[in-house]
Amino acid sequence: MPTNSLNLSSNGDVLFNSNGDIGGFQFNVDGATVSGASGGAAADAGFTVSAGGSIVLGFSFTGAFIPAGCGLLTTLVLNGDATGLSGIVV
């Protein structure tokens, strides 16, 4: 997986590879709607993750961050067949 990228798997897992700490994220899910998100590094860091429609937004009210590295960012509950992610802001 390329550095500084996000990838959506068919089961709703959003994987990340980042060479810098992640203080927040936002992206659109193409081809599906999202009704929830849980787990992964976002949950481990205490992030609030809001998912609705096709938009996912994750951030910390306390200034926490996800350390640089790679792994599972969060797992989405998808309705429909997602084709990918777009509008990615980290």
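Student: In which sense do strand S5 and strand S6 pair, and over how many bridges?

Tutor: In this predicted model, strand S5 covers residues 48-52 and strand S6 covers residues 55-59. Within this pair, Val49 stands opposite Gly58 in S6. The pairing sense of S5 and S6 is antiparallel, over 5 bridges.

Student: Which residue takes a positive phi in the hairpin of S5 and S6?

Tutor: The hairpin has 2 residues between its strands. A positive phi near 65° is found there, and the residue that takes it is Gly53.

Student: Which strands stand at the edges of the open sheet of 4 strands?

Tutor: The order in this sheet is S1-S2-S7-S4, with antiparallel pairing. Each edge strand has a single partner strand, so one side of it is left without a neighbour in the sheet. The strands in this position are S1 (5-8) and S4 (33-38).

Student: What is the bridge partner of Asn17 in S7?

Tutor: Asn17 is found in strand S2. Strand S2 (residues 13-18) pairs with strand S7 (residues 69-79) in the antiparallel sense over 6 bridges. The partner of Asn17 in S7 is Cys70.

Student: Is Asn17 buried or exposed?

Tutor: The relative accessible area of Asn17 is 17%. Buried means under 20%, so Asn17 is classed as buried.

Student: Which backbone oxygen lies 2.9 Å from a polar atom of the side chain of Asn17?

Tutor: Leaving aside neighbours within four places in sequence, Asn17 is in contact with residues including Met1, Pro2 and Thr3. The backbone oxygen of Pro2 lies 3.5 Å from a polar atom of the Asn17 side chain. At 2.9 Å, the backbone oxygen is that of Met1.

Conventions: Residues numbered from 1 in each chain as written. Predicted model: local features only at pLDDT ≥ 70, side-chain atom pairs only at ≥ 80, totals over all residues. Heavy atoms only, no water. Pairing = 2+ DSSP bridges. Buried < 20%, exposed > 50% of the residue type's maximum accessible area, 1.4 Å probe, protein only. Polar contact = N/O pair within 3.5 Å; in protein donor to acceptor, adjacent residues only side chain to side chain. Contact = heavy atoms within 4.5 Å.
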